[in-house]
Amino acid sequence: MDNISLTLLKPHERGIVKEISGGCQARKRLYELGLNKGANVRMVKNDRGPVILNLSGHKLALGKGLASKIIIEK
């Protein structure tokens, strides 16, 4: 499997969070949202504007900068 940035997922593709490459504040914020290692995500929308994910049945919107710090395995 290949590890890529979350921003490279296309709509309806799935992945598993492998790593969060950011500062302490970014990691803490994503952890509080439920995006930690091993979380299963499905891309809902990835065009202009924020990235929208499906995480455990809930939709989550992230800015492109924060989303680019999340490394996933397809």
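Leaving aside neighbours within four places in sequence, L66 is in contact (heavy atoms within 4.5 Å) with A26 and L30. This is a predicted model in which local features need pLDDT of at least 70 and side-chain atom pairs count only at pLDDT 80 or more, while totals for chains, interfaces and linings use all residues. Residues are numbered from 1 along each chain as its sequence is written, and side-chain values use heavy atoms, with hydrogens and water left out.

User: Does L66 count as buried, partly exposed or exposed?

Analyst: Buried means under 20% relative accessible area and exposed over 50%, with partly exposed in between (1.4 Å probe, protein chains only). Because its relative accessibility is 23%, L66 counts as partly exposed.

User: How far apart in space are L66 and R27, C-alpha to C-alpha?

Analyst: L66 lies in helix α2, residues 64-67, where helices are DSSP runs of H or I with at least four residues and strands are runs of E with at least two, numbered from the N terminus. L66 and R27 are 39 residues apart in sequence, and their C-alpha distance in space is 9.5 Å.

User: Which residue in β5 is the bridge partner of I52?

Analyst: Strand β4, residues 51-55, runs antiparallel to β5 and is joined to it by five bridges, and two strands pair if DSSP finds at least two bridges between them. In β5, the bridge partner of I52 is A61.

User: Which residue's backbone nitrogen does the side chain of N54 reach at 3.1 Å?

Analyst: N54 is found in strand β4. At 3.1 Å, its side chain reaches the backbone nitrogen of G57.

Conventions
Polar contact = N/O pair within 3.5 Å; in protein donor to acceptor, adjacent residues only side chain to side chain.
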